[in-house]
Amino acid sequence: MTDGADAPHGLRGGAQQVPGGVTHFFEWAWKTVTGTAWGFIAFLVLIYVIPYGLALAAFGTQATSGGDFAVLAYVALFAVGFASGQPAPTPLMGTSAMILAGFLGANFDPISVSALAGGAATLGLTVSYGAGATGIGRLLIDRFATRDSVRQAVDRAFEVIREHGVKATFGLAIVPTPIHAWSAVAGGASGLLFVRFVVAAFFGSVIRYAIVAWIGTGIEQLLS
């Protein structure tokens, strides 16, 4: 997808929302880093392995030292919540985050669970927004959206964001769908105001996890 003819609607001109030099720099950096198999592996290490490695290190340290189970659980929730806001290569993290939030909501404070999970998801969505705003979004699609089902999800994400903007960001943060993370890429590429995007994504994400956490609490109370 180099000529923009088959690009998701809105991505073709999205990179112009930031200075052209910045766009060209990020595109050059992306192509340089991911142009080879080893370069792409290095990119995954920087973006995914290191953050999750640190989370696992904290998890392991707590486990081996007999640390509080709550700390272990919250570290895991932050890691999967963050991953849920990124379109690749962790498409199942959103489901994992919701399951974990429901479990923790049944055993800990639902408010703290929803705030942590919502904040982590917002950070992940902000990364995706930045990819779209700097032009990396098109390169992400080239790399990851190779299947027809994924391409259709990407196209739909751009269509929804183009039509509804902040309202769509808020709604998609609440209701889990396959276009959730890609909509953040679309928001950045479409020039959606960053502050509005973050506010909508945060409150929507917190509401999503609050619902799940309170459902977990309700189930626990019914079973106990």
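What share of the 224 residues in the protein is buried? Buried residues make up 45% of them, where buried means under 20% relative accessible area, exposed over 50%, and partly exposed in between, with a 1.4 Å probe and protein chains only.

Colleagues, before going further, a word on the basis of these values. This is a predicted model, in which local features need pLDDT of at least 70 and side-chain atom pairs count only at pLDDT 80 or more, while totals for chains, interfaces and linings use all residues. Residues are numbered from 1 along each chain as its sequence is written, and side-chain values use heavy atoms, with hydrogens and water left out.

I begin with the overall fold. The protein has 11 helices and zero strands; helices (H or I, at least four residues) and strands (E, at least two) are DSSP runs, numbered from the N terminus. Of the contacts with a separation of 6 or more, 79% join residues 24 or more positions apart, a contact being heavy atoms within 4.5 Å. The protein exposes about 11,200 Å², and carbon and sulfur atoms supply 70% of that area, computed by the Shrake-Rupley method with a 1.4 Å probe.

I turn now to confidence. The average pLDDT, the predictor's confidence in each residue from 0 to 100, is 75, and 64% of the residues score at least 70. Over residues 1-7 the pLDDT is below 50, and this stretch has 10 contacts beyond near neighbours in sequence. Residues 9-19 also stay under 50, with 25 contacts beyond four places in sequence.

Spanning residues 194-223, helix H11 has 30 residues and reaches 43 Å from its first C-alpha to its last, close to the 44 Å expected at 1.5 Å a residue; the expected span is 1.5 Å times one less than the number of residues. Its buried residues include Phe197, Arg208 and Tyr209. Their cover includes helices H4, H5, H6, H9 and H10.

Two residues illustrate the packing. Thr217 lies in helix H11 and counts as buried because its relative accessibility is 11%. Leaving out residues up to four places away in sequence, Thr217 touches Gly105, Ala106 and Pro110. Ser128 belongs to helix H6 and is buried because its relative accessibility is 2%. With that exclusion again, Ser128 touches Gly85, Gln86, Pro87, Ala181, Ala184 and Val185.
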